[in-house]
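Have it open beside you as you read.

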Amino acid sequence: MDFAVTILGSGSATPTANRGLTSQYIVCANRHLLIDCGEGTQMQMRRFGVKFQRIDYILISHLHGDHYFGLVGLLSTMHLLGRVQPIHIFAPKELEEIINLQLNYAGAQLSFPVHFTATQADEPKVIIEDEKIEVTSFPLSHKIPTTGFKILCKEKDRKLLDDKAKAHGVKIEYYHRLKKGEDITDENGKLIKSSDYTLPGEPAKLYAFCSDTRYFEAILPVVREVDLLYHEATFTEAFRDRAKATMHSTAIDAANIAKQAEVKKLIMGHISARYEDGVVHEEEARHIFQNSEVVSDGATYLV
Ligand SMILES: [Zn+2]
């Protein structure tokens, strides 16, 4: 499970017995991220076996309460569990004030540093980058400033053909560079080609999270050909007027984005509490984009 998305909450506005509020736990190349943190997220983490202290990054899409009301509670629990390592929060800038206000009035001081970075909903921007992953925020279109997030798990190193390298007397000190795809000329002037001693590594993989948003074609270049697309589908077609009024999407909207962006798989969530299940959403979406499904809380998707 090198790149996996676990759905912690897939409901919208109010929690139900079946669906918590928006939150997802993402593991990518041993980095641990939480996207959104609706009320009840820590209970869902307990239910689904997510370890609190592993999380390095928390990304918040926007400041509607169903996407972040669980955050101060989660930070508080991390503190009570004795966390010392820093946490990085990426969110609309006002959230920093909200967190501080709540903690200050409680006279609480967290046992770990919070590094806060304000997101901007005007253009795509790389917000996290290291040698293994890259995270981009990008604008969605909703009632208040909202960003989606795209997570890239970078291409893996090439795989060394160990036995062949040994048999041909390739020096161990060259292995690392060969795995990086480098051709090497040794001290005798002999060329050692990476492609002779390695096989291609796993290709880069992409996941994109789009909630909340109306149907918004401006995201197409960003989510183009991602391996897994999560797109909100709050409503079915019967409630298209309601979707329009609240700047949300229907299942057909989500499927149209998935189809045009040529993604590999579409998963839909942020399902209105008025629905018992996702059957109609799936029927409607699959007419347009076959590889579509409505998520359930606790489900894990490999990217
Ligand atoms: Zn919203």
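The points below go through domains, sheets, helix packing and a few backbone details.

1. Ground rules. This is a predicted model, in which local features need pLDDT of at least 70, side-chain atom pairs count only at pLDDT 80 or more, and totals for chains, interfaces and linings use all residues. Residue numbers start from 1 along each chain as its sequence is written. Helices (H or I, at least four residues) and strands (E, at least two) are DSSP runs, numbered from the N terminus.

2. Domains. Domain 1 covers 3-156 + 202-302, and domain 2 covers 159-197; these bounds come from an automatic or database domain assignment. Taken over C-alpha atoms, the centres of domain 1 and domain 2 are 43 Å apart.

3. Seven strands line up as S6-S5-S4-S3-S2-S1-S18, with mixed pairing; two strands pair if DSSP finds at least two bridges between them. S6 (114-119) and S18 (300-302) are at the edges with a single partner strand each, so one side of each has no neighbour in the sheet. From one strand to the next, the twist averages 20°; angles run from 0 to 180 degrees between N-to-C directions, and axes are lines fitted to C-alpha atoms, for helices over the stretch in contact.

4. Pairing within that sheet. S5 (residues 87-92) and S6 run parallel, joined by six bridges, and His 88 has His 115 in S6 as its bridge partner. S2 (residues 23-28) pairs with S3 in the antiparallel sense over five bridges, with Ile 26 opposite Leu 33 in S3. Leu 33 also has a bridge partner in S4, Tyr 57; S3 and S4 (residues 57-59) run parallel, with three bridges joining them.

5. Positive phi values. The S2-S3 hairpin has two residues between its strands, and Ala 29 in the turn has a positive phi of about 50°. Asp 36 is not a glycine, yet its phi is positive at about 60°; Asp 36 lies in the loop between S3 (31-35) and helix H1 (41-47).

6. Another open sheet. Here the seven strands follow the order S7-S8-S9-S14-S15-S16-S17, again with mixed pairing. S7 (125-129) and S17 (292-294) are the edge strands, each with a single partner, so one side of each is left without a neighbour in the sheet. The twist averages 20° from one strand to the next. S7 and S8 (residues 133-139) are antiparallel over four bridges, and Ile 128 is bridged to Val 135 in S8.

7. H9 against H10. How do these two helices pack? H9 (residues 251-261) and H10 (residues 279-286) have axes 8 Å apart at an angle of about 40°. They are therefore oblique to each other (angles under 35 degrees count as roughly parallel, over 145 as roughly antiparallel, 65 to 115 as roughly perpendicular and the rest as oblique). In H9, Ala 251, Ile 252, Ala 254 and Ala 255 meet His 281, Glu 284 and Ala 285 in H10, contact being C-beta atoms, placed from the backbone, within 7 Å.

8. A cis peptide. The bond from Ser 211 to Asp 212 is cis, with omega near 0°. Asp 212 sits in the loop between S14 (205-210) and helix H7 (220-223).

Definitions and conventions: Contact = placed C-beta atoms within 7 Å.
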